[in-house]
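Visitor: Can you walk me through this one? I'd like the fold, the core and the charged pairs.
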Amino acid sequence: MGLFAKLFNGPELDQAKSDANAKKMRALFDQVVEEGESYRLIFGYTEDVSRFNYGFCHGSKTKIGNLIVGRNEANKTIVVVPTVPDLSG
C-alpha cells in the first residue's frame, strides 16, 4: 500500500521553500506599499493563453503573470503587486 499511497497522494509540500517564498513576498510587498506590514498577503497568478494557426503550424502560447495581493481589513483596501515567477523583483 505504501507505493500506491505515494502515487495517489499527489506532490509533497516543501515547507522550507514555501516559508522562504513567503518571506520574499513580504519583503517585496513591504518595499512598494506604504505600511505594507499591516496587510495580509496571498499569492496568485494570471494565465493568458493565445492560440495561433498558420496553416502548416498551429499551437498555443501561454503568458503567466504572478501577483502578490494584500488586504488591509482596517482600511478596507486591497493592493495588487505584480512580480516575476522567481520573486526576484
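Guide: Terms first. Helices (H or I, at least four residues) and strands (E, at least two) are DSSP runs, numbered from the N terminus. Two strands pair if DSSP finds at least two bridges between them. Residues are numbered from 1 along each chain as its sequence is written. The model is predicted, so local features need pLDDT of at least 70, side-chain atom pairs count only at pLDDT 80 or more, and totals for chains, interfaces and linings use all residues, while side-chain values use heavy atoms, with hydrogens and water left out.

Visitor: What is the mean pLDDT of the protein chain?
Guide: The chain averages 81, and 88% of the residues score at least 70. pLDDT is the predictor's confidence in each residue, from 0 to 100.

Visitor: Where is confidence lowest, and where is it highest?
Guide: Lowest in helix α1 (residues 2-8), with a mean of 62. Highest in β3, at 90.

Visitor: OK, the sheet. What is the strand order?
Guide: β1-β2-β3, in an open sheet of three strands with antiparallel pairing. The edge strands are β1 (40-53) and β3 (77-83), each pairing on one side only. From one strand to the next, the twist averages 30°.

Visitor: How many bridges join β1 to β2?
Guide: 14, and the two strands run antiparallel. Phenylalanine 43 stands opposite isoleucine 68 in β2. β1 and β2 form a hairpin with four residues between them. Glycine 55 in that turn has a positive phi of about 85°.

Visitor: And how many bridges join β2 to β3?
Guide: Seven, again with antiparallel strands; β2 covers residues 58-72. Valine 69 has valine 80 in β3 as its bridge partner. This hairpin also has four residues between its strands, and lysine 76 in the turn has a positive phi of about 55°.

Visitor: Which helix packs on the sheet?
Guide: Helix α2 (residues 15-32), which touches β1, β2 and β3. Contact means heavy atoms within 4.5 Å. The direction of α2 makes about 95° with that of β1. Axes here are lines fitted to C-alpha atoms, for helices over the stretch in contact, and angles run from 0 to 180 degrees between N-to-C directions.

Visitor: Which residues make up the largest nonpolar core?
Guide: Eight of them: Met25, Leu28, Phe29, Val33, Tyr39, Ile68, Val81 and Leu87. A nonpolar core is a set of buried Ala, Val, Leu, Ile, Met, Phe, Trp, Tyr and Cys residues joined through side-chain atoms within 4.5 Å. Buried means under 20% relative accessible area, exposed over 50%, and partly exposed in between (1.4 Å probe, protein chains only).

Visitor: What gives the most to this core?
Guide: α2, with three residues. In soluble globular proteins, nonpolar side chains tend to be buried together.

Visitor: What does valine 81 touch?
Guide: Phe29, Val32, Val33, Asn66, Leu67 and Ile68, leaving aside residues up to four places away in sequence.

Visitor: Now charges. How many salt bridges are there?
Guide: Three. A salt bridge is a side-chain nitrogen of Lys or Arg within 4 Å of a carboxyl oxygen of Asp or Glu. Side chains of opposite charge can pair when their charged atoms come close.

Visitor: Which residues are linked in a network of salt bridges?
Guide: Arg71, Glu73 and Lys76. Glutamate 73 meets arginine 71 at 2.5 Å, N to O. Lysine 76 forms its salt bridge with glutamate 73 at 2.9 Å between the closest N and O atoms. Lysine 76 counts as exposed because its relative accessibility is 65%. Glutamate 73 is partly exposed at 42%, and arginine 71 is partly exposed at 44%.

Visitor: Where do aspartate 30 and arginine 26 lie?
Guide: Both in helix α2, four residues apart, about one turn of the helix. Aspartate 30 is partly exposed at 29% relative accessibility, and arginine 26 is partly exposed at 25%.
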